[in-house]
Amino acid sequence: MDHGSNVIDLVVLVVVLLFVAGAVRAFTKWVTLPFTVVLVVVGFGLRQLAEWGPDIFRLFAENEVSPDVILFVFLPTLIFESAYNLDPRQLQKNLLPVLTLAVPGLVLSTGIIGTIVWAATPFSFPEALLLGSILSATDPVAVIALFRNLGVPMRLNILVEGESLFNDATAIVASRILVGVVAGGYVLTPETAFGSAV
């Protein structure tokens, strides 16, 4: 019984959030503000209302979205939307810089973030690298929306959007390897990870 009511609450929450997003979209067209920025501000406001406001807003705080829903529902939807709107000819012309950003660029970003986190926190180096691999695969939905509003050159749009398509795969592979390293208790240091470069 509780499971059924949780599902109903989650569906109601998603529908309400879709209506809120639609209202925010209409508002941003009327006042010419960036949609993604206003959406973040409204989301933060709803979270504060859920914590401190009337009981009607408690639904926003009590329901949590499962990581599986994000991985198997939202992420494929975002990737499909990005791939569907991407010009394949432009992507083919810019494939080398896109792949350079998506594979070595993500590995470099993982190393930089991991080293900073390792130096600034009590995390072990493999745990810091794992966090770096998760944080490196950013989704540029907000950036692409701003690019469309600002009318930036098409090549820059293709580079950012194409890189986001491929960096998710690189991040998944890197994070899976690092989860194995963390779970296996292997000793990994910056010297062994980066060799003589450190």
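Predicted model: local features only at pLDDT ≥ 70, side-chain atom pairs only at ≥ 80, totals over all residues.
Modeller: Residues are numbered from 1 along each chain as its sequence is written, and side-chain values use heavy atoms, with hydrogens and water left out.

Colleague: How many aromatic pairs are there?

Modeller: Two. Rings of Phe, Tyr and Trp (its six-membered ring) pair if their centres lie within 6.5 Å; planes under 30 degrees apart are stacked, over 60 edge-to-face, and the rest tilted.

Colleague: Why is the pair of Phe27 and Trp30 called tilted?

Modeller: The ring centres of Phe27 and Trp30 are 6.3 Å apart and the planes stand at 55°, so the pair is tilted.

Colleague: What makes Trp30 exposed?

Modeller: Its relative accessible area is 70%; exposed means over 50%, buried under 20%, and partly exposed in between (1.4 Å probe, protein chains only). Phe27, at 39%, counts as partly exposed.

Colleague: Why is the pair of Trp118 and Phe125 called edge-to-face?

Modeller: The planes of Trp118 and Phe125 are at 80° and the centres 5.5 Å apart, so that pair is edge-to-face.

Colleague: How do you know that Phe125 is buried?

Modeller: Phe125 has a relative accessible area of 2%, so it is buried. Trp118, at 36%, counts as partly exposed.

Colleague: Which residues make up the largest nonpolar core?

Modeller: Six: Leu86, Leu91, Val98, Ile158, Leu159 and Leu165. Such a core is a set of buried Ala, Val, Leu, Ile, Met, Phe, Trp, Tyr and Cys residues joined through side-chain atoms within 4.5 Å.
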